[in-house]
Amino acid sequence: MSDLRPMVSRGIAALGLAVGLALGACGQAAAQASSDFYKGKQIRMIIGHAVGNDYDLAGRFLARYLTKHIPGEPTIIVQNMPAAASIPAANYLYAQAPRDGTVFGSFSRNVPSQARMGQANLEVDPRRFSWLGATSLPARVCVRWVTAPVKAPADLFTREFIVGGAGAGSSLSILPTVFNHVLGTKFRLILGYKGTTDVVLAMERGEVHGACASYGQFRIYEQLIRDGKMIFLLRAEESPIPDIPDVPSIFDFAKTTEQRQLMRFIFSSTEFGRPYVFPPDVPKERVELMRKAFAEALQDPALLAEADKMKMDMSYRAPDLLERLVGQVYETPPELIETVKKLVPNLQ
């Protein structure tokens, strides 16, 4: 009998080639089917805020560019669900919206923290959303007046730093309160100011040394910053602020894991920016397609140029970053969650 091994080897090789071609054809067909899915369709973008709110304005602006980067260029229809600080929108996206990739949306950046804190009317598990990306980095900073006795963040632990506030739950008050409680800094908070504008005037008059608020609220004082009268002291987030990358993070002064976890939980909301999600269980290939479209749209030179003219922050926040932030929120131990509830009750 002649040796059959060469024939068997050739047969196996041929079979392998056939299987490979078949799998390749299936993969191409799946990719083609995914690319064709949105052709001629309408997509709904759910916005959990009122018309004219920054989430709404940014969402409508994004929609104009996003459709160009989705294969098939579907029409995107914006639907506002503004009740109860966007919680109904989050609940709808989680439990009721179609899971075929035809509905996505945005809700408050506080939703992940609120869900972890067990807010009664919030019925979502943020870990199950498919995070598509986010726009904006509404970082929070502390500024000092040029004559302030505190010159660097390290001084906050040895010298009193007087800042203006507008009520216990205001953004002007949250940072100093958290820093004092968690890190032991020496902020002295003077309440009663109406807002950031009043506090800046108080800085000029010498009534207070500085203020803490969102970075965007201080950008209008460009002349004071250029003249060296108003100086950025620190940022509250771990992520650098692109416009002022050299401003140090308060996280550089955390000495324990517990301190880091508390501040990460409280300040994570700003890191989420204006987030966008698919409902749970949308087919993976559509999630990847939409994530790619988000990344391309938010790095489109035309979008960036128009956003710059409009002074609208459309900084791209990648989905893997958002997933990591959600993970950090859920890694926070229950006893620290109880501390947050007492320290910053308005997060709920």
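Modeller: In this predicted model, Phe129 and Trp131 are both buried. The two residues also belong to one aromatic cluster with Tyr94, Phe107 and Phe272.

Colleague: Why is the pair of Phe129 and Trp131 called edge-to-face?

Modeller: The ring centres are 6.1 Å apart and the planes stand at 85°. Rings pair if their centres lie within 6.5 Å, and planes over 60 degrees apart count as edge-to-face. Both conditions hold, so Phe129 and Trp131 are an edge-to-face pair. The structure holds 15 aromatic pairs.

Colleague: What makes Phe179 and Phe267 a tie between parts of the chain?

Modeller: Phe179 lies in helix 5 and Phe267 in helix 9, so the pair ties together parts 88 residues apart in sequence. Their centres are 5.8 Å apart with planes at 70°, so this pair is edge-to-face. Both residues are buried. Helix 5 (171-183) is among the elements that the buried residues of helix 9 pack against. Helix 9 (residues 257-271) itself bends by about 40° at Phe265.

Colleague: How do you know whether Thr196 is buried or exposed?

Modeller: Its relative accessible area is 9%. Buried means under 20%, so Thr196 is buried.

Colleague: What makes the approach of the Thr196 side chain to the side chain of Gln217 a polar contact?

Modeller: The distance is 2.8 Å. A polar contact needs N or O atoms within 3.5 Å, one able to donate a hydrogen and the other to accept it. The pair is therefore counted as a polar contact.

Colleague: Why is the charged end of Arg286 said to sit over the ring of Phe37?

Modeller: The charged end is 3.6 Å from the ring centre. The limit is 6 Å, with a further condition of within 35 degrees of the ring normal, so Arg286 counts as sitting over Phe37.

Notes:
Residues are numbered from 1 along each chain as its sequence is written. This is a predicted model: local features need pLDDT of at least 70, side-chain atom pairs count only at pLDDT 80 or more; totals for chains, interfaces and linings use all residues. Side-chain values use heavy atoms; hydrogens and water are left out. The bend at a residue is the angle between axes fitted to the seven residues ending there and the seven starting there. Helices (H or I, at least four residues) and strands (E, at least two) are DSSP runs, numbered from the N terminus. Contact means heavy atoms within 4.5 Å. Buried means under 20% relative accessible area, exposed over 50%, partly exposed in between (1.4 Å probe, protein chains only). Rings of Phe, Tyr and Trp (its six-membered ring) pair if their centres lie within 6.5 Å; planes under 30 degrees apart count as stacked, over 60 as edge-to-face and the rest as tilted.
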